[in-house]
Amino acid sequence: MKQVPSADEIKKVSLKLNAVIEALDASLFGRNKIHKMILSGILARGHVLLEGLPGLGKTALVNCLGKLLDLEFKRIQFTPDLMPSDITGTEI
């Protein structure tokens, strides 16, 4: 059974999250709500799909977030004809 985090643990994580949000806001202006939503998805161990027109900074946002959280960054350009096996590969 999982323990409930202590107040000190919650404060430590909160300070780290605020630092990440401030760094994202400093790099990519005017997107605070999106930054918080993406971090919520990460904390919930979920998935986040970023959609939008070209040039809106989706790749820059994820690249910056990856650097801040020391995560690996890879990008897949989705097209209408993309199949799952194109990403995961197949055995012959």
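This is a predicted model: local features need pLDDT of at least 70, side-chain atom pairs count only at pLDDT 80 or more; totals for chains, interfaces and linings use all residues.
Residues are numbered from 1 along each chain as its sequence is written, and side-chain values use heavy atoms, with hydrogens and water left out. Local features need pLDDT of at least 70 and side-chain atom pairs count only at pLDDT 80 or more, while totals for chains, interfaces and linings use all residues.

**View 1. Helices H1 and H2 cross.** Helix H1 covers residues 7-27 and helix H2 covers residues 32-43; helices here are DSSP runs (H or I, at least four residues), numbered from the N terminus. Their axes come within 10 Å and cross at roughly 140°. That makes H1 oblique to H2 (angles under 35 degrees count as roughly parallel, over 145 as roughly antiparallel, 65 to 115 as roughly perpendicular and the rest as oblique). On the H1 side, look for Leu17, Val20, Ile21, Leu24 and Asp25, which meet Asn32, His35, Lys36, Leu39 and Leu43 of H2 (contact means heavy atoms within 4.5 Å).

**View 2. Asn18 sits in helix H1.** Asn18 counts as partly exposed because its relative accessibility is 39% (buried means under 20% relative accessible area, exposed over 50%, partly exposed in between, with a 1.4 Å probe and protein chains only). Between Asn18 and Lys36 there are 9.5 Å in space, C-alpha to C-alpha, and the two are 18 residues apart in sequence.

**View 3. Lys74 pairs with Glu72 in a salt bridge.** Their closest N and O atoms are 3.3 Å apart (the rule asks for a side-chain nitrogen of Lys or Arg within 4 Å of a carboxyl oxygen of Asp or Glu). Both Lys74 and Glu72 are exposed. The count of salt bridges by this rule is 1.

Conventions. Axes are lines fitted to C-alpha atoms, for helices over the stretch in contact, and angles run from 0 to 180 degrees between N-to-C directions. Helices (H or I, at least four residues) and strands (E, at least two) are DSSP runs, numbered from the N terminus.
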